[in-house]
Amino acid sequence: MSVVGWDASHGEFTIEDYYYFSKLRKFAEKEDIEIYEIKNFNKLGEYDIIVFNYPEKDFKSQEINKITRWLKAGKRIIFAAYYSNMDGVSERINKVLTRMNVPVRINNDVIMDPENNYNDILFPKGKYKDYTVVMPCSASVAAKDNIIISSFESARCHPTGLENPAFGVKLNMGGELIILGTCVFWDNYAIEIEDNKMLALDLLKI
């Protein structure tokens, strides 16, 4: 069984929002994954997997220190952002990564793919293992290694024109640190597109 702590102390999209995440919860329960909304940041340390899905409030220094300790203790920590630094989310996550000395950043851009997409250039398809996923409204993640979700050759970043952008990376740092360019690939609209359900459940399974 996987038990997930979904943070709600930094203004995130909450797992309890039925309109956005009821399907994720339903699919997770079928796979013996329990997800709990956690409003007290300090309680997150009780969970093996911790999710920060679109944090809209800054992290305090002592909170970043705890995240670092949790990671070193073997927990999986997931940060999910959004395109073009909406609401300052990417910048906020980048500050945490900087304080943790993690050599990865979320770019202030949006990945577009005119050829490989789900009926919309801002719904680009990506590659995860042997699966095809859709990563809507995603920023690119600046990293050369540890990429777990890559783009197709036709994808480009706007406005930079960056080629071969990454949607997500995973770093092993005692535990696993996962950084994603979008937070809506597992919402009620996207989770049943292509193999998004497989990606979502993999992220929440130990």
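This is a tutorial dialogue on reading the features of one predicted model.

Q: What kind of model is this, and how are its residues numbered?
A: The model is predicted, so local features need pLDDT of at least 70 and side-chain atom pairs count only at pLDDT 80 or more, while totals for chains, interfaces and linings use all residues. Residues are numbered from 1 along each chain as its sequence is written, and side-chain values use heavy atoms, with hydrogens and water left out.

Q: In what order do the nine strands of the open sheet lie?
A: Strands of a sheet pair through backbone hydrogen bonds, either parallel or antiparallel. Helices (H or I, at least four residues) and strands (E, at least two) are DSSP runs, numbered from the N terminus, and two strands pair if DSSP finds at least two bridges between them. Here the order is S2-S1-S3-S4-S13-S12-S10-S7-S8, with mixed pairing. Strand S2 (33-38) and strand S8 (131-134) are the edge strands, each pairing on one side only. From one strand to the next, the twist averages 20°, where axes are lines fitted to C-alpha atoms, for helices over the stretch in contact, and angles run from 0 to 180 degrees between N-to-C directions.

Q: How many bridges join S7 to S10, and which residues are partners?
A: Strand S7 (residues 125-128) and strand S10 (residues 147-151) run antiparallel and are joined by three bridges. Tyr128 has Ile149 of S10 as its bridge partner, and Lys127 has Ser150. On S10 there is also an antiparallel pairing with strand S12 (residues 166-173), over three bridges, in which Ser150 is partnered by Ala166 of S12.

Q: Why is helix H4 described as largely enclosed?
A: Six of the eight residues of helix H4 (residues 196-203) are buried, so the rest of the structure largely encloses this helix. The buried residues are Asn196, Leu199, Ala200, Leu201, Asp202 and Leu203.

Q: Which residues have the most contacts inside the largest nonpolar core?
A: A nonpolar core is a set of buried Ala, Val, Leu, Ile, Met, Phe, Trp, Tyr and Cys residues joined through side-chain atoms within 4.5 Å. The largest one has 65 residues, and Leu24, Ile179, Trp186 and Leu204 have the most contacts inside it. Beyond neighbours within four places in sequence, the contacts of Trp186 include Trp6, Phe21, Leu24, Ala200 and Leu204.

Q: How many aromatic pairs does a search of the whole structure find?
A: Rings of Phe, Tyr and Trp (its six-membered ring) pair if their centres lie within 6.5 Å; planes under 30 degrees apart count as stacked, over 60 as edge-to-face and the rest as tilted. The search finds 16 aromatic pairs. One of them is the stacked pair of Phe52 and Phe79, at 4.9 Å centre to centre with 15° between the planes. Phe52 lies in strand S3 (residues 49-53) and Phe79 in strand S4 (residues 76-80), so the pair ties together parts that are 27 residues apart in sequence. The rings of Phe185 and Trp186 are stacked because their centres are 4.7 Å apart and their planes lie at 20°.

Terms used. Buried means under 20% relative accessible area, exposed over 50%, partly exposed in between (1.4 Å probe, protein chains only). Contact means heavy atoms within 4.5 Å.
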